[in-house]
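I opened this entry to keep track of what I looked up, in the order in which I looked it up. The structure itself goes in first.

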Amino acid sequence: MATKDAPVNNPMVDPVTGEYRVIAPGHSFKSVTEEVSRIVLTSHTPLGWWFGFMVAGTVVGILTICVTWLFLKGVGIWAVTIPVAWGFAIVEFVWWIGIGHAGTLISAILLLFKQGWRNSINRFAEAMTIFAVICAAMFPVLHLGRPWLGYWLFPYPNTMNYWPQFRSPLMWDVFAVSTYGTISVVFWYIGMIPDLGTLRDRSQTKVGQFFYGLLAVGWRGSVRHWVRYETSSLLLAGLATPLVLSVHSVISLDFSVALMPGWHTTIFPPYFVAGAIYSGFAMVLTLAIPIRKFYHLEDLITIRHIDNCNKVMLATGLIVAYGYSTEVFMAWYSASHWEYFMMWNRMFGPMGWSYWTLITCNIALPQLLWSRKLRKNVGFTFLMALIINTGMYFERFVIVVTSLTRDYLPSSWGTYRATKWDYGTFFGTLGLFTFLFFLFIRFLPMIPMSELRMMLPQARVREKAEPIPEAGD
Amino acid sequence: MPLPEGLYGLMAEFESPTQLVRAAKAAHGAGYRRMDCYTPYPVEEAAEAIGFHRDEVSLVTLIGGLLGLAAMFGLEAWISVWAFPLNIAGRPYYSWPAFVVPAYEWTILWSGLSAAFGMLALCGLPKLYHPVFNAPNFRNGATTDKFFLCLESTDPKFEAGETRSFLEGQAPISVVEVEY
């Protein structure tokens, strides 16, 4: 789609297509390499990095305190009880893993669709996936009550002569999430090997050469290796795509297999997946916008990326809106007293405020993204990303909490009020995520250099070379 | 194993992928077979030019995936039917639809691991030492912005003087000797 409102003499706009460029003009193989590797190889760590790292580290300290106290006292320090036995832990599990899904979408699905613009943001989107999965995977384990027995979930021969129960979606979750974490790490690392080779060769310090050398496993850029590497990347992308769709579908089955009103519905898998991508893109923008500003990467993460991410958010937001309206429609159309009451309770019950926050943040405000001007406004986009992340948190809160507080039997109704330990743990995982991200941008190449080189015009092999006798094929 | 000594090959450095591909085609045409190109990003045409057309990564991945599928489905069936049969509301022990999800996940897990580590194994990596790193200009450019063609001394057609003049005829930036 042409962007006519952009000034004609703007160097960031391609004069032929009228679109914003994916990469600023005038770059060479060397300049893109330097632009990315200088962030990692500099001997002067910016003060801002130290500041952010310390703040995030402090928050990780809070997480450590919360988790230690949880181990000592048990899940009773949280607000989870009957009827709301799932509470914040499961809300946050679903929220974090959903955020991770955009990373896989960007790195895998957009690779399969040959979307070149993904190249500058895929590495840190994948990193985001891994850190989000780490945060997510903590919660079900912490919620076990006896977290030190978490390994009982895996099928292994043991003296108790006991095996897991494979007919339960909670068991499926174990395999979906562990596979997702493993494949994400592998995909991320394999994609990074050529860049680690670049860092090994450009590093000036012995320590850097040693560690990057070790991680680069002796990559030397042989074209035979590149061919296999490309096949392997394509296969991993092809595998990650059905994987990412299955992971959030399986998570939604945790809910929809149960017979709770508001949970027992077939719309859940697709609508969970769309919501996951929605929140994930919001998180990509939340991270990308400050990073490109701080590290002056406006040449590599351009308005085109921000615009495209906004379009994906708008589209997935509409799918999510369709999901919400289907829920409301089915509550009425099912003619089930319980479903009808569930929806009334969600909207106008004691926790109705959370439903309306969700609708405002996820459906109403994101409609502003229809405006091309606002989509290209960096500050507005950042604000919108934060709003959508909040909205998606409330979506999971509404699903988990409002359904559980009031089920079939009024005598078993209850309420839910999170404790300071609930808030502390959630806040702590935000810190852990940021902490890991700070380490990542300081020590690993956050933009794939080899893929940026491929996007430059001089990377193409021209059909007609200068005349030197061709000796045949 | 005794370390080989002497000349590993002759390495020509090029400014652009187009020049590299032309030189690689010429070398292949002239009868050289033991050679390799080194580029900072994938240049498929160069692989074609030196006669490397297909890789086995897909096959390894397929085998890995099928093994993963069989392993998990077999494990689930064995556990649920023989090792630890649980009667859940009278449902059949062999309730295969419930086994699909973990089997599906393990198909992806095993094929993904096979694609990644199979690729590394087929490339002979990790291999931290390789003679090409001895070329003085290699590490400056090969992973940044330069394109290399190395004709190896084990090729029957290789003859130091003749090969050097052949490479110099391909308009390289430089031609250097690579020692073991």
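I began at S168(A), which I found in the loop between α4 (122-142) and α5 of chain A; helices here are DSSP runs of H or I with at least four residues and strands are runs of E with at least two, numbered from the N terminus. This is a predicted model, in which local features need pLDDT of at least 70 and side-chain atom pairs count only at pLDDT 80 or more, while totals for chains, interfaces and linings use all residues. Residues are numbered from 1 along each chain as its sequence is written, and chains are lettered from A and ligands numbered from 1 in the order in which they are written.

Next I followed helix α5 (residues 169-202) of chain A, whose 34 residues reach 48 Å from the first C-alpha to the last, close to the 50 Å expected at 1.5 Å a residue; the expected span is 1.5 Å times one less than the number of residues. At I193(A), shortly before the proline P194(A), I recorded a kink of about 45°, the bend being the angle between axes fitted to the seven residues ending there and the seven starting there. The helix α5(A) is mostly covered, with 24 of its 34 residues buried.

I then turned to helix α9 (residues 303-333) of chain A, where the end C-alpha atoms are 44 Å apart, which agrees with the 45 Å that 31 residues should span at 1.5 Å a residue. Its buried residues, including I303(A), M313(A) and A331(A), pack against α8 (268-294), α10 (337-348), α11 (352-364), α12 (372-375) and α13 (378-405) of chain A. Just after α9(A), I noted that A335(A) takes a positive phi of about 55°.

For chain A as a whole I counted 15 helices and zero strands. Its radius of gyration is 24 Å, close to the 23 Å that the globule rule gives for 473 residues, so chain A is as compact as a globular protein of that length; the radius is taken over C-alpha atoms, and the rule is 2.2 Å times the number of residues to the power 0.38.

Chain B has six helices and four strands, and its radius of gyration is 25 Å, whereas a compact globule of 180 residues would have one near 16 Å. It is divided into domain 1 (7-54 + 132-179) and domain 2 (57-122), with bounds from an automatic or database domain assignment, and the C-alpha centres of these two domains lie 45 Å apart.

Where do the chains meet? I found 69 residues of chain B in contact with 58 residues of chain A, two residues being in contact if their C-beta atoms, placed from the backbone, lie within 7 Å. On the side of chain B that touches chain A, the largest share, 17 residues, comes from α4(B).

Note on methods:
Buried ≥ 20, exposed ≤ 12 C-beta atoms within 10 Å, placed from the backbone.
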